[in-house]
Amino acid sequence: MAINETLKAISDPVRRDILQMLKEGRKSAGEIGEHFNLTGATVSYHLTKLKNADLVTEQKYKNFIYYELNASVFEEVLTWIYNLGGNVQ
């Protein structure tokens with residue numbers, strides 16, 4: 001697990017908004033970009049950061065790339081945080 005990359009990725013509010021959107025289901029880069037006042041290149045940058053942190057997966061279909069949330073990474077991070085607390089008595 002690359003927890004550093006995960007924490008860096010979710011530290012940005014735009015990326016957190018993208019993750020929130022993907023909670024509803026897969027979306028194309030264009031659909032994601034419509035919700036932000038950002039250039040396509042900037043949206044692509046954020047999606048790349050999320051993909052590199054394994055927080056999203058991508059699937060190409062014809063001329064589109066669809067992004068989907070990878071919730072298993074969050075389970076790993078939460079487990080790590082929980083275990084960090086150790087045995088609290």
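A residue is termed buried when its relative accessible area is under 20%, exposed when it is over 50%, and partly exposed in between (1.4 Å probe, protein chains only). The structure is a predicted model, in which local features need pLDDT of at least 70 and side-chain atom pairs count only at pLDDT 80 or more, whereas totals for chains, interfaces and linings use all residues. Residues are numbered from 1 along each chain as its sequence is written, and side-chain values use heavy atoms, with hydrogens and water left out.

Helices and strands are DSSP runs numbered from the N terminus (H or I of at least four residues for helices, E of at least two for strands). Helix α1 spans residues 3-10, and its buried residues are Ile 3, Thr 6 and Ala 9. Viewed down the axis of α1, these buried residues fall within an arc of 130°, so they line one face of the helix; the arc is that of the directions from the helix axis to the C-beta atoms. An α-helix has 3.6 residues a turn, so residues three or four places apart point the same way. Asn 4 and Lys 8, on the other side of α1, are exposed. The cover over the buried residues of α1 includes α2 (13-22), α4 (40-52) and α5 (72-84), where contact means heavy atoms within 4.5 Å.

The packing of α1 against α5 was examined next. Ile 3, Thr 6 and Ile 10 of α1 meet Val 73, Phe 74, Val 77 and Trp 80 of α5. The axes of these two helices come within 11 Å and cross at roughly 110°; axes are lines fitted to C-alpha atoms, for helices over the stretch in contact, and angles run from 0 to 180 degrees between N-to-C directions. Angles under 35 degrees count as roughly parallel, over 145 as roughly antiparallel, 65 to 115 as roughly perpendicular and the rest as oblique; α1 and α5 are therefore roughly perpendicular to each other. Helix α5 also contains Asn 83, which is exposed, with a relative accessible area of 52%.

Three strands form an open sheet in the order β1-β3-β2, with antiparallel pairing. Strands β1 (27-28) and β2 are the edge strands, each pairing on one side only. Two strands are taken to pair if DSSP finds at least two bridges between them. Strand β2 (residues 56-61) is joined to strand β3 (residues 64-69) by six bridges, and β1 is joined to β3 by two. Lys 60 stands opposite Ile 65 in β3, while Lys 27 has Tyr 67 of β3 as its bridge partner. Helix α2 lies across β1, β2 and β3 and runs at about 90° to β3.

The largest nonpolar core has 17 residues, of which Ile 18, Ile 32, Leu 50 and Leu 55 touch the most other members. At least two residues of this core come from each of α1, α2, α4 and α5, and α2 gives the most, with four. Such a core is a set of buried Ala, Val, Leu, Ile, Met, Phe, Trp, Tyr and Cys residues joined through side-chain atoms within 4.5 Å. Neighbours within four places in sequence aside, Ile 32 is in contact with Ile 18, Met 21, Leu 22, Lys 27, Val 43, Leu 47 and Tyr 67.

Backbone angles were also considered. Most residues other than glycine have a negative phi. Asp 54, although not a glycine, has a positive phi of about 65°; Asp 54 lies in the loop between α4 and β2 and, at 48% relative accessibility, counts as partly exposed. Lys 62 likewise takes a positive phi, near 55°, in the hairpin of β2 and β3, which has two residues between the strands. Lys 62 is exposed, with a relative accessible area of 71%.
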